[in-house]
Amino acid sequence: MPGMREWLDRTTDTWAPPTAKDLAGPFRFLFWLTRSQARRVALGAFLGTVWMVGLAVPPWVLSRAVDEGLVGRDSAALIKWALVLLGVSVLIALLAIARHRTMTKIRMDASFRSVRATVWHTSRLGASLARRVSAGEIVTVGIADVHTVAMALTVTGPGVGAIIAYAVVAVILFTTSPLLAAVVLAGVPLLVVAVGPFLHRIERTGGEYRVHQGRLTTRLVDVLAGLRVLNGLGGKQFVADRYDEQSQRLVRRGYKVAVPASWVGALSTGLPALFLAAVVWLSARMAATGVITIGEVVAVYGYVAVLVVPVSNFIEGGGDIARARVAGQRIIDLLNLPVARDDERDGVPLPHGPGPLTDPASGVVVRPGLLTALVAARTAEAIEVIERLGRVGGTRTGPASGPAAARTEPAASRSGSADAEVTWAGMRIDEVTSADLRSRLVVADNDAEVFAGTVREIVAGRLEPDDSRVHQALRVAVAEDIVEALPDGLDTAIAAGGTDLSGGQRQRIRLARAVYAAPDILLAVDPTSAVDANTEAAMVDRLREARRDTTTVITTMSPLVLDRADEVIVLIDGKVSAVGKHAELLHTDSSYRELVSRAQEGR
């Protein structure tokens, strides 16, 4: 028996993401969740049906006990039917346990499957994710919406059972009295008429509430991320008051959702009770006129009492589906965000060697084997060039966007963008396989995420840790003192986001991670901005020495870095204005001289 149960409950271990058809609408998405665990859903529907139909058996047994035992004054019959009633009750209880267990697994599977699909797709979106979806929206999708959609799959068990049980009870009642069966069958359309408008209102108000919930969650994430800054500026109370005001607004919107939801809950309890009272009153009158027996009255009462369960499931299931339609739409909106084409099959390998890397949009040509400094009057212009060269999407909209990690991931969307024209040794990088590009080019950004883990794991990133290489990468990034100060050295656990490190320490750990990847081309966004002059000079000298035979590009305004660069590229209005050595440009280019002068004054 346990082996049979495990076989019925088993689902395939392979996971496949939803297709475009599965994301055509909320109901298609729900069907994908159902289809993905078809065997388990079938078991849940079977158990839900048997359990709910089984609820109609005790009233029939009880009617036999009344008619044959009590009315017929037959003690043996009474005892027999009492024992049958006991056995049936125990069996129904066991079925209820099995049904609940199976439905819990169905909901959990749907929840985890939705989360996995969300994580899978957000990882494919890469650097473009932060520019297209707020952090609060992702958090709300991953917690609230996923749970709501999973709860809707309850209809696959008790929901199916409710339909069948309702039909079975109607047939049984028809054998007793066609009039009673007609009353029972007429109940469902009346329930639809009564509850339908509330379900429609739940969808409408729930959608509005869901949008504002995502916005408020985004604000909360932003506040928590900038709490230290707010404390320093003395603006914590102002932000707290503003958040409280917006939170109260959300509460008022929540009340608008709660009104129809509470009506659905009340009707799911009240309407079946009224329905029960009407049928019992009618059956009692029929018994008084001799149309049916006393035992049949008891049976009718039991049958109709049993109908309270499927009727309540009808109403609750309708509410669950209405909410899931709103939540499911938010999930598929995220999953339908376009990503780059899958070039793993169609792409070609990169040419041998570290470049040259060319960006026609700006005129930047990064020569192989050099440490190149990229200077711009506006920092965003230099970053745009780095993002195009690294194939990490379009222009930033704020400091929190851009590359999400010192990563080798391509951006999600680059169709029609300027980076499609960027070339590596004459080959367009949009024609190159992502796997090859990820292994040979790294974009290191100051917003790069520092994931929780030991220092060894953080520096090694996606590669296998090698202590000698880790120490070498830390030395290049002038981060040895960080490890020496930690209690367990490389084995010391670092908190998520590197919150237990200073800004300069995080910056050096990020650079060490990029160096450890040993790419042919390293594109670093201002990797020395948070360190002192001595450390900055040491970092650039060691980076230049360690990457002598590879290509490194650094965006910077620091004279220390510019003086050590093999080549300096100056951008004015996003276009190359001058190229040369730092000392030469100071004498020959007045715009460059002014840029460096302003940078020195700023420091």
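1. Basis of the description. Because the model is predicted, local features are given for pLDDT of at least 70 and side-chain atom pairs count only at pLDDT 80 or more, while totals for chains, interfaces and linings use all residues. Residues are numbered from 1 along each chain as its sequence is written, and side-chain values use heavy atoms, with hydrogens and water left out.

2. Overall composition. The chain holds 22 helices and twelve strands; these are DSSP runs, with helices of type H or I and at least four residues, strands of type E and at least two, numbered from the N terminus. Of its 603 residues, 48% count as buried. Buried means under 20% relative accessible area, exposed over 50%, and partly exposed in between, with a 1.4 Å probe and protein chains only. Among contacts with a separation of 6 or more, 78% come from residues 24 or more positions apart; contact means heavy atoms within 4.5 Å.

3. The six-stranded sheet. Six strands form an open sheet in the order β6-β9-β10-β3-β11-β12, and the pairing is mixed. Two strands are taken to pair if DSSP finds at least two bridges between them. The edges are formed by β6 (441–444) and β12 (575–580), each of which pairs on one side only. On average, neighbouring strands of this sheet are turned by 20 degrees against each other, direction ignored. Axes are lines fitted to C-alpha atoms, for helices over the stretch in contact, and angles run from 0 to 180 degrees between N-to-C directions.

4. Strand β9 within that sheet. Four bridges join β6 and β9 (residues 521–525) in the parallel sense. Leu441 stands opposite Ile521, and Val442 has Leu522 as its bridge partner. On the β10 side, β9 is joined by five bridges, again in a parallel arrangement, with Leu523 opposite Val553. Five of the five residues of β9 are buried, so the strand is largely enclosed by the rest of the structure. Ile521, Leu523 and Val525 point one way from β9, Leu522 and Ala524 point the other way, and all are buried.

5. Thr555. This residue lies in strand β10 (residues 551–555). Is Thr555 buried or exposed? At 3% relative accessibility, Thr555 counts as buried. Leaving aside residues up to four places away in sequence, Thr555 touches Leu374, Ala382, Ile386, Ala524, Val525, Asp526 and Pro527. Thr555 and Val525 are 30 residues apart along the chain, yet their C-alpha atoms are separated by 5.1 Å. A polar atom of the Thr555 side chain lies 2.9 Å from the backbone nitrogen of Asp526.

6. The four-stranded sheet. A further open sheet has the order β2-β1-β4-β5, with antiparallel pairing. Strands β2 (364–366) and β5 (427–428) stand at the edges with a single partner strand each, so one side of each lacks a neighbour in the sheet. Two bridges link β1 (residues 357–359) and β4 (residues 423–424) in the antiparallel sense, and Leu357 has Trp424 of β4 as its bridge partner.

7. Helix α13 and the two sheets. Helix α13 (residues 379–389) lies across β1 and β2, running at about 125 degrees to β1. In the six-stranded sheet, α13 touches β3 (371–376), β6, β9, β10 and β11 (567–572), and its direction makes about 135 degrees with that of β3.

8. The α3–α8 pair. Two packed helices are described by the angle between their axes and the distance between the axes. For α3 (residues 38–54) and α8 (residues 158–176), the angle is about 35 degrees and the axes are 7 Å apart. The contact involves Ala45, Gly48, Thr49, Met52 and Val53 of α3, together with Pro158, Val160, Gly161, Ala162, Ile164, Ala165 and Val168 of α8. By class, this contact has nine nonpolar, three polar and no charged residues. Here Ala, Val, Leu, Ile, Met, Phe, Trp, Tyr, Cys and Pro count as nonpolar, Asp, Glu, Lys and Arg as charged, and the others, Gly among them, as polar.

9. Leu216. Leu216 is found in helix α9 (residues 178–225) and counts as buried at 9% relative accessibility. Which residues does Leu216 touch, not counting residues up to four places away in sequence? They are Tyr243, Gln246, Ser247 and Leu250.

Technical notes. Polar contact = N/O pair within 3.5 Å; in protein donor to acceptor, adjacent residues only side chain to side chain.
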